[in-house]
Amino acid sequence: MAEIAIRNAGKTYGKTRIMQDVSLVINNGEFVVILGPSGCGKSTLLRMIAGLEDITDGEIAIGGQVVNRLEPRERGCAMVFQNYALYPHMTVAENIGYALKVAGMPKADRLAKVAATAQSVGLTEFLDRKPGQLSGGQRQRVAMARAIIREPKVFLFDEPLSNLDAKLRVQMRHEIRRIHNQISATSVFVTHDQHEGMTLADRLVVMNKGTIEQIGTPEEVYDRPASVYVAGFIGSPAMNFLPGRVTDSRSAVVLDDGQTIPLVSAIKPAAGQMVQIGLRPEKLTLAPLGGGALAARFEFAEELGSGRLYHLKIEDVPVSVMAAEKHSFVEGQTIGLRFPNDAVHVFDGASGLRLDLHHAPAAALVSA
Amino acid sequence: MRRAYFKTSWIAALLLAPQLLIIFVFFYWPSAQAVYWAFTLEQPWGGGNTWVGFDNFRNILSDPYYWSSVRVSLIYAVAATALAMGMSLILAMFVDRQLAGYKAYRVALIWPYAIAAPAVGLAFRFIFNPNAGIFSYVNTVIPGLWDPTQIGWQAVVTIILAGAWKHVAYSFIFFLAALQSIPRSLTEAAAMDGARPLRRMVDLQLPLLTPTVFFLFVINITDSFTDSFGIVDTLTGGGPFRATDLMVYKIYSDGFRGFDYSGAAAQSIILMVLVMALTFVQFRYVERRVHYT
Ligand SMILES: Nc1ncnc2c1ncn2[C@@H]1O[C@H](COP(=O)(O)OP(=O)(O)O)[C@@H](O)[C@H]1O
Ligand SMILES: [Mg+2]
């Protein structure tokens with residue numbers, strides 16, 4: 001059993017606070033991806049779990065045991081580093097087997113296990129090479145093998161794929177997920193790449209400036225982003241945001257240029273509240289004007305091969321639309337936009353929080 | 001890199017001249033002079049030098065005093081080098097791990113290298129002085145226990161300590177730089193793999209330091225043969241009873257105290273060849289081999 005419970009964890013470097021009040025429970029066997037832009041504290045959080053950084057506030061428990069004061073070797077975690085951190089003077093076999101050697105496993109057993117592990121990640125023919133003689137993808141595999149061989153309770157990955165080319169990245173992504181399923185460890189994977197996060201995760205943790213913005217399945221995070229920040233970060237091309245004001249009847253939002261967007265009844269804003277309307281480019285369709293369509297001015301289009309990304313403006317607010325059809329609009333032409341009612345995300349104008357969010361995002365998921 | 005080209009070669013010659021002059025006056029000329037002395041012998045009643053071939057070398061190599069000087073030079077070189085490198089490695093590891101007060105160490109440890117050898121000698125003369133120094137305390141407890149002016153091996157220990165102390169700084173800087181160039185994530189990976197600090201040192205840091213160890217070993221040994229003069233001169237003057245008569249010091253005392261220019265010149269040729277051989281080893285093996293990519 002290796003459930004990871006993070007309770008109100010925080011981190012300061014000297015007087016600089018870089019993380020506060022992070023609470024998260026990662027279930028046994030779960031694959032959790034921590035997603036966020038560079039510098040938001042993902043690595044720091046991972047390293048706090050690993051024991052490579054002090055936990056300055058709060059506590060972290062692995063398998064029910066608080067690990068704040070435990071050394072890395074006492075925590076039962078294995079880690080794959082971004083730059084792989086292979087031992088340059090050791091062969092691939094020595095790299096993979098190092099943890100077992102330290103643990104005092106007899107040589108014959110160790111070599112057998114190294115061979116088996118190398119086989120499982122396709123490294124058998126490279127066992128006698130030094131890391132310097134390997135390609136990026138092969139080094140990545142060595143790093144993986146070095147983590148796997150220990151049969152850890154917890155797997156920690158710090159952007160392990162970011163140094164690989166696009167094709168290899170996708171391939172290793174599948175490989176990592178396969179290995180996770182196979183050895184049924186608890187995995188925590190840090191990345192700034194939303195595609196990686198979406199495809200790998202059982203649950204996503206979106207971080208921003210040292211705090212958690214949202215925890216949820218990739219689907220939940222995409223369908224019901226908890227804040228403007230998450231909504232803008234997840235999804236590509238990024239979500240469109242239109243500022244507006246809620247009507248007195250509370251059933252619609254008036255945009256700055258006077259057009260209205262009807263709200264579904266589940267959303268209960270205050271009359272006159274300033275809000276941000278969020279619309280995903282892929283949920284918008286181009287349509288003739290009139291009949292409730294939103295009018296927008298065409299600027300230019302980008303060819304994507306599979307379709308086009310149309311760039312428009314409503315007043316001065318840019319709006320992009322992803323569509324399969326290929327229209328030839330002229331610049332300045334007014335075009336209608338349609339969208340299903342439930343594709344409208346409404347966020348508070350001041351706090352940026354989602355209006356129809358019935359639960360506090362992080363707290364609800366923390367077991368007592 | 002951009003290079004400057006000079007149209008007229010006399011400008012180049014002019015710019016080179018000061019450096020060439022210095023090298024000529026302080027290196028080639030004395031070296032040539034030494035070679036000349038080494039193969040000749042001054043006639044007893046004047047009248048210039050006569051060519052004697054390898055006689056001077058034969059005399060030296062059959063002189064038991066010379067061989068005892070070689071022996072003590074080797075002991076000094078190996079012991080001072082080992083001590084200096086061992087100490088500096090330990091200190092560098094402390095500083096690298098940023099143990100308490102490491103910033104103070106870092107500055108304090110660089111000072112000794114900036115101190116001239118004779119000044120080091122004087123400082124240690126005080127420390128080890130049997131009557132007035134710190135060690136005089138030992139003598140108040142057990143009289144006569146410590147006296148490097150009388151007891152040969154204590155004099156050797158004294159110059160070894162002083163020499164090592166002076167060299168700690170240099171090695172320390174190199175070790176620290178080498179340790180800090182080991183990526184942090186390597187140590188962290190080893191920590192995750194279960195290795196404790198001592199184990200990481202043996203399995204990771206020391207192997208990755210081998211290029212530096214080789215480099216420092218050669219540099220320190222070379223330095224011990226040449227740079228020890230100031231320390232011997234101020235601390236022991238080669239005594240007691242030639243116990244600390246290192247090769248470089250013996251050249252001086254034979255030549256300028258004993259006025260045996262030819263014998264001293266022959267010895268300095270031997271020392272020069274030795275140092276050149278070590279330098280060759282350094283270029284040939286240390287600079288090229290022991291690299292990890
Ligand atoms: N040793 C340190 N001292 C001070 N600040 C640090 C240190 N390490 C990281 N930080 C700061 O902590 C923040 C989070 O860093 P990090 O966890 O590496 O971000 P991420 O992995 O999300 O890119 C950054 O703003 C970074 O500048
Ligand atoms: Mg990072």
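I looked up which residue faces A:Phe300 across the strands, and A:His311 in strand 17 of chain A stands opposite. This is a predicted model, so I read the pairing as a prediction. Strand 17 covers residues 308–314 of chain A and runs antiparallel to strand 16 (residues 294–303) of chain A, with 6 bridges joining the two.

I then traced the sheet. I found an open sheet of 5 strands in chain A, in the order 15-19-16-17-18, with antiparallel pairing. At its edges I noted strand 15 (285–287) and strand 18 (317–323) of chain A, each of which pairs on one side only. Neighbouring strands of the sheet are turned by 50 degrees against each other on average, direction ignored.

Next I checked the nonpolar residues. The largest nonpolar core has 64 residues, and A:Ile4, A:Ile6 and A:Leu156 touch the most other members. Helix 7 (residues 152–181) of chain B gives this core its largest share, 8 residues. I listed the contacts of A:Ile4 beyond four places in sequence; among them are A:Leu24, A:Ile49, A:Ile62, A:Val154 and A:Val188. Another core, of 42 residues, lies apart and includes A:Phe126, A:Met144, A:Phe155 and A:Ile176.

Last, I looked for open space. The largest pocket holds about 1100 Å³. I counted 34 lining residues, with B:Arg97, B:Arg184, B:Thr187, B:Pro197 and B:Arg200 nearest the centre of the pocket. Helix 3 (64–96), helix 7, helix 8 (184–192) and helix 9 (197–226) of chain B each supply at least two residues of this lining.

How values were computed:
Residues are numbered from 1 along each chain as its sequence is written. Chains are lettered from A and ligands numbered from 1 in the order in which they are written. This is a predicted model: local features need pLDDT of at least 70, side-chain atom pairs count only at pLDDT 80 or more; totals for chains, interfaces and linings use all residues. Side-chain values use heavy atoms; hydrogens and water are left out. Two strands pair if DSSP finds at least two bridges between them. Helices (H or I, at least four residues) and strands (E, at least two) are DSSP runs, numbered from the N terminus. Axes are lines fitted to C-alpha atoms, for helices over the stretch in contact, and angles run from 0 to 180 degrees between N-to-C directions. A nonpolar core is a set of buried Ala, Val, Leu, Ile, Met, Phe, Trp, Tyr and Cys residues joined through side-chain atoms within 4.5 Å. Buried means under 20% relative accessible area, exposed over 50%, partly exposed in between (1.4 Å probe, protein chains only). Contact means heavy atoms within 4.5 Å. On a 1 Å grid over the protein atoms alone, a cavity is a set of points where a 1.4 Å probe fits but cannot get out, and a pocket is an open set with protein on both sides within 12 Å along at least five of seven lines; lining residues have an atom within 4 Å of a point. Grid points are joined across faces, edges and corners, and a volume is the space filled by probe spheres set on the points.
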